[in-house]
Amino acid sequence: MAEGAARTVQVADDDGLRHLEIDNPPVNVLGQALRAALAEAIAAAAADPGVRAVVISARGRSFPAGADITEFGKPPVPPRLPEVCNRIEACPKPVVAAMHGTALGGGLELALAAHYRVGLESLRIGFPEVTLGLVPGAGGTQRMPRIAGAAAALELMQSGQPVPARAAEAMGVIDLVVPDPAPGEEAAAAVRRAAADFARGLLAEGLGPRPTSMRAEGFADPAAYAAAVAAARARPAPSHLPAAARIADCVEAALLLPFEAGLAFERAAFEDLMATEAAQGLRHAFLAERRAARVPELAAASPRRVEVVGIVGGGLMGAGIAAAALTAGLGVVLVERDEAALDKGLARIAEIKERAIEKGRLTSAGFEAEWARLIGTTEMAAMAGVDLAIEAVFEEFEVKAGVFRALDAVLRPGAVLATNTSYLDVDALAAVTGRPADVVGLHFFSPAHVMKLVEVVVGRATAPDAVATGFALARRMGKIAVRSGVTDGFIGNRILSAYRTATDFLLEDGATPYAIDAAMRAFGFPLGPYQVLDLAGLEISWARRKRLAPTRDPAARYVAVGDRLCERGWFGQKAGRGYYRYDRGRTGEEDPEVLALIDAERAAKGIIPRAIAADEIRARALAAMVNEGARLLEEGIALRPSDIDVVMLHGYGFPRWRGGPMRWADHTGLRSLRRDLMTFAAAEPEFWTPAPLLLDLVGNGRSFADLDEAAA
Ligand code: T1G
């Protein structure tokens, strides 16, 4: 067996059974070495007269979680996964797959190529390929329908969502579901043993291989099959995400074509899609989310233990954080300034949990158990026992500083002190305490029980293990943490501020808020910038502009349209009008009075409005985001470009299939971006001058992806 392959498949014999145990931590992805080892091992088993049956299992957390995504986009190295699957299926002895954990994508396809499948109760199977802009590419679109029929196969592949073992059993995919082992016993060993017993049963009954490609249960009702394909095709899918439609084509091909031809049809679809911008962007997003966890402080330190979280402030943010912490199994101590505020905060948490029960995400018993872990109090002294305290009070420095001083006085030594500030100076807040090394920013996004993003803001004095604790807490809460340095607005709000400056300039130069929003929605944002402002409330950014006014460069262009709206109390949806009118509910309507107000602002500055095309709106908005991103990298605020992408994908609605602003810039070409920026800077150098890093990358023919690789 090839040297590198020895590590990935452990081979053992047990009285005629050949055990092939996959061992490629952490999730047994089917990289080239493992594929080669499997191919060799199944060939050896097929040829060995002493082998009567084969059991394929996996060590560690899970049966293979899929093909190796890091290999995508690179020249394929044989044996390719479809070939390995075909060899398994062609084995002249019965092959049983022993499945636990999450058998996903290529891992599920590997199991489908086996003749029988045994799964633990807690097993989940799925085809997440569509979330990567792909179709299953190792026979899944041809084997799954033969067992489960079109409707179930299409639902699994087009949703990309995993299903539990019992559902897979009902589809006919899993032949035997066995109970999870007792606590303390390894899942992998338990299912391996069950599969071995299953294999012996086959031999005792004289049952041999059962090639999935020869099965046809799923074709029993061709009319229903065709109807399921037609229904799948009728489901609307955006043109930039063709994978769902190609899945329907492949499932149809499974019925209409011979197996080999169906495999070729699937492979062609897979290769077409692999080359699409969406597949590249979605793959970038997947890897960027995991790369964000690679932070220097984590290499040097372990997180402190956190079982009880203290939260000061039960407003929208504090209640959301508390709800998320309870969901994560943590204890929560919620402190409010008085009983009335505390009652409101607890009611907010209860409302979140009641909605989760309504949606079937939480049981009443679960709610009771969570509620038992929640303490509400007006006494700051109750924070003495918490492992980490988060202040989520009003966004004013003195208010937060006061809470930090009070926490500093009661928290036990070693407790982490976190601020949820959106952009205040974390170093300055740390300085009001006697424990600056324990202070870290945890910038959650509202609603905190829904939004996955947390910016972990690292102050000058923040200890590495306090950073590691922030990341560990975010992960335990099911969130994606991104490291940020201390700057006004951290990563996301810095980029957002640049985005809004660019669109405000467009507003004054001739575009309407409605045209700008439409242009950005056409790019893929769910809402345009002015819709977001109305939704969030214009008073928030107005407060920030007023706070920054004393330090604003008087020579810099300043667009006062937002101030004019706020001066009229037009704060957005909550006020019934902002950039849009909301007379008839939440769908805003264009407001001629806003357009007149913008005209007045233009006239006051002597600006003659010009027609601005949607392409220019997008070019300027995106160039501003990327240029600010380059500045964040130069300043060391963001560790790597893909971290900026993760923030914009998860905090600001940047379309996932484009991968994020920095990925978009690479795809568009940094040279053309530099050209745009220099064109814009000719008229307004203050805002548009290209960041030196961007010029340097273009000059050296490098990309943001190169920086990601360097910082990996
Ligand atoms: N390829 C490469 N690396 C992967 C990987 C994959 N498929 N899945 C996980 N990893 C890495 C991940 O980057 C991280 O690395 C570590 O494993 C732990 O992952 C041919 C074409 C399985 C539910 O899409 O959904 O098969 O940071 O942090 O939260 O038809 O990983 O430790 O260095 O996410 O416990 C289809 C993707 C591929 C599954 C576990 N499969 N993975 O979640 O751990 S396409 C997927 C996941 C395919 C075939 C097609 C999750 C997980 P590092 P993690 P987790």
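In the predicted model, an oxygen atom of the ligand lies 2.8 Å from a polar backbone atom of G106. A ligand oxygen atom is likewise placed 2.8 Å from a polar backbone atom of G137. A side chain is also involved: an N or O atom in the side chain of E129 is 2.8 Å from an oxygen atom of the ligand. The ligand taken alone exposes 980 Å², of which the protein buries 76%.

The shell around the ligand comprises 26 residues, and the closest of these are R61, A65, A67, E109 and E129. Sorted by class, the shell contains 14 nonpolar, five polar and seven charged residues. At least two shell residues each come from strand β5 (102-104), from helix α4 (106-113) and from helix α12 (277-291).

The packing of two further helices was also examined. Two packed helices are described by the angle between their axes and the distance between the axes. For helix α10 (residues 243-256) and helix α11 (residues 259-274), the angle is about 170° and the axes are 9 Å apart. Helix α10 is therefore roughly antiparallel to α11, since angles over 145 degrees are counted in that class. On the α10 side, the contact is formed by A243, R246, D249, C250 and A253. These residues meet F265, E266, A268, A269, D272 and L273 in α11. By class, the contact of α10 with α11 has seven nonpolar and four charged residues, with no polar residues.

Notes: Residues are numbered from 1 along each chain as its sequence is written. This is a predicted model: local features need pLDDT of at least 70, side-chain atom pairs count only at pLDDT 80 or more; totals for chains, interfaces and linings use all residues. Side-chain values use heavy atoms; hydrogens and water are left out. A residue is near a molecule or strand if one of its heavy atoms lies within 4 Å of it. A polar contact is a pair of N or O atoms within 3.5 Å; within protein, one must be able to donate a hydrogen and the other to accept it, and residues adjacent in sequence count only if both atoms are side-chain atoms. Accessible areas come from the Shrake-Rupley method with a 1.4 Å probe; for residues, only the protein chains shown count as cover. Helices (H or I, at least four residues) and strands (E, at least two) are DSSP runs, numbered from the N terminus. Ala, Val, Leu, Ile, Met, Phe, Trp, Tyr, Cys and Pro count as nonpolar, Asp, Glu, Lys and Arg as charged, and the others, Gly among them, as polar. Axes are lines fitted to C-alpha atoms, for helices over the stretch in contact, and angles run from 0 to 180 degrees between N-to-C directions. Angles under 35 degrees count as roughly parallel, over 145 as roughly antiparallel, 65 to 115 as roughly perpendicular and the rest as oblique. Contact means heavy atoms within 4.5 Å.
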